[in-house]
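Trainee: I'd like to learn how to read salt bridges in a model. Can you walk me through it?

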Amino acid sequence: MKLSTRSVVALALLGAVWGCDSGPTATGNTLATAEDHALTVEATAGMILTQAELPAQGEVVLALADLWTDYTLLALAALEDPDLGSIDLEPLVDQRRQQELVFRLRDEVITVDTAMTADELEAAYERDLPGAQIRASHILLNYPDQATQAQRDSVAALANALRDRALNGEPFGDLAEEYSSDAGTAAQGGDLGFFGRGQMVKPFEDAAFATGLGEISEPVETPFGLHVIRVDDRQLMPFDSVATAYRQQLQARMISTAESSYVAEVREPANITVVDDGFDITREMARNPSTPLRGRAATRAVVSFEGGAITARDVQLFLQGQSPAVRSQVMDASNDQLENLLTSLAQGKLLSARAVELGVTVSEAEVDSVATALRTSLTEAAGALGILEIEVAEGETEHAAVDRAVQDALLGILRGELDVVPLGPISFFLRDQYGASLNESAVSDVVRLVQQGKVDTSSPPTGAAPAPDTSGSGSEE
């Protein structure tokens with residue numbers, strides 16, 4: 001069976017979790033290690049060459065090494081305990097517990113009267129105009145580069161003068177054509193066409209939707225300059241057709257506002273502060289999420305607040321639970337964006353602590369059910385991959401049986417017979433618990449061998465012995 005397009009994309013886009021080595025070092029002809037198992041350069045190239053559609057790219061090599069490592073470690077954990085009780089899921093379970101505490105705190109302390117009469121609802125509709133589309137024209141006046149206050153005042157005076165001329169009867173379109181700096185609309189008399197909420201910068205949108213049909217706004221400043229806006233047409237949804245949905249929207253907004261107010265009451269006195277190198281630590285954690293943290297390195301504060309802190313380990317656990325795309329965004333984020341992220345993590349810890357203070361609880365039975373659900377999903381994944389209960393063939397070592405089972409799983413994925421099963425944050429727990437490493441310098445060696453196409457694709461992918469035949473004549477290399 002040929003590799004399906006879906007499988008090619010899934011494997012090629014699977015994000016690697018590799019960071020610093022956390023186990024036996026993979027060197028030389030070894031691409032990756034998982035506890036005492038090794039994946040060779042030749043074996044990896046051989047697997048890729050079994051499918052002509054799979055591109056010879058470093059990203060594919062890393063993704064394959066990722067899966068091999070995850071599945072090998074999961075198979076080893078299953079050998080210890082088929083129920084996977086040997087995997088330490090406490091950090092992930094504790095995250096879920098804290099999230100549930102915050103949810104329950106919200107339900108207990110946020111009380112909002114969301115009742116509205118029909119008249120109140122209609123008045124709000126007239127104010128918000130949900131789903132409305134308006135057609136507007138504008139005259140845009142740019143400020144000079146690095147404008148002085150006198151220059152800004154001069155532009156403002158011109159904007160006011162043009163508005164007055166339009167109000168006194170001069171054609172708005174003629175004024176726009178002569179004075180507007182928006183070359184794209186000036187020739188059309190400043191006509192912007194129809195637009196709804198969220199399509200224009202907010203100051204412009206607010207002014208346009210607050211201006212009556214046929215009216216001309218006061219000059220409005222945006223990052224583009226000063227605008228004089230005329231509203232030419234409106235398209236409104238009939239109130240009766242949107243009343244039910246709009247009521248629900250308003251009620252949700254009321255609840256959200258109340259939640260924000262409560263969160264601010266908890267957050268503001270805490271004096272949340274990102275430490276001097278907190279942004280650098282966060283970006284490094286996003287770049288290398290599997291970096292081993294021990295002792296003081298794990299407990300080092302990234303964010304401080306009254307009564308507690310967000311530690312490097314807290315940040316790491318959060319990032320390990322995110323997709324590779326999100327971690328990439330964190331690496332490239334500005335300090336302001338990272339401050340928002342780190343503040344939200346501190347906010348979550350503050351809220352869960354407040355929940356405990358107020359007697360909000362998550363029972364041990366509920367916590368156990370979370371752990372059970374996680375292990376169940378893991379055992380189902382391992383079962384689907386054929387690595388949950390590995391049978392050791394006669395004359396075969398347990399070590400070789402694991403290699404064989406993982407090989408079969410990977411080849412099944414490459415052929416499109418099995419789905420890729422990402423383990424998410426559990427990948428990091430397995431690597432931390434059992435040890436794993438990657439030889440990054442070997443990635444280009446794999447790509448080169450795939451491009452040459454000279455690898456014997458019949459050899460076992462890990463370099464370990466294949467399962468012996470029924471005569472028991474197999475031997476380890």
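Predicted model: local features only at pLDDT ≥ 70, side-chain atom pairs only at ≥ 80, totals over all residues.

Trainee: How many salt bridges does the structure hold?

Mentor: There are 22. To call one, look for a side-chain nitrogen of Lys or Arg within 4 Å of a carboxyl oxygen of Asp or Glu. Take Arg 135 and Asp 191, whose closest N and O atoms are 2.5 Å apart.

Trainee: Which residue pairs with Glu 221?

Mentor: That's Arg 152, with 2.6 Å between the closest N and O atoms. Here the link runs from strand S5, which holds Glu 221, to helix H6, which holds Arg 152, and the two are 69 residues apart. Glu 221 is partly exposed at 42% relative accessibility, and Arg 152 is partly exposed too, at 28%.

Trainee: And what about Arg 163, is it buried or exposed?

Mentor: Buried means under 20% relative accessible area, and Arg 163 comes in at 15%, so it counts as buried. Its salt-bridge partner is Glu 218, the closest N and O atoms being 3.7 Å apart. Arg 163 lies in helix H6 and Glu 218 in the loop between helix H9 and S5, so the pair connects parts 55 residues apart in sequence. Glu 218, at 48%, counts as partly exposed.

Technical notes. Residues numbered from 1 in each chain as written. Heavy atoms only, no water. Helix = DSSP H or I, 4+ residues; strand = E, 2+ residues; numbered from the N terminus. Buried < 20%, exposed > 50% of the residue type's maximum accessible area, 1.4 Å probe, protein only.
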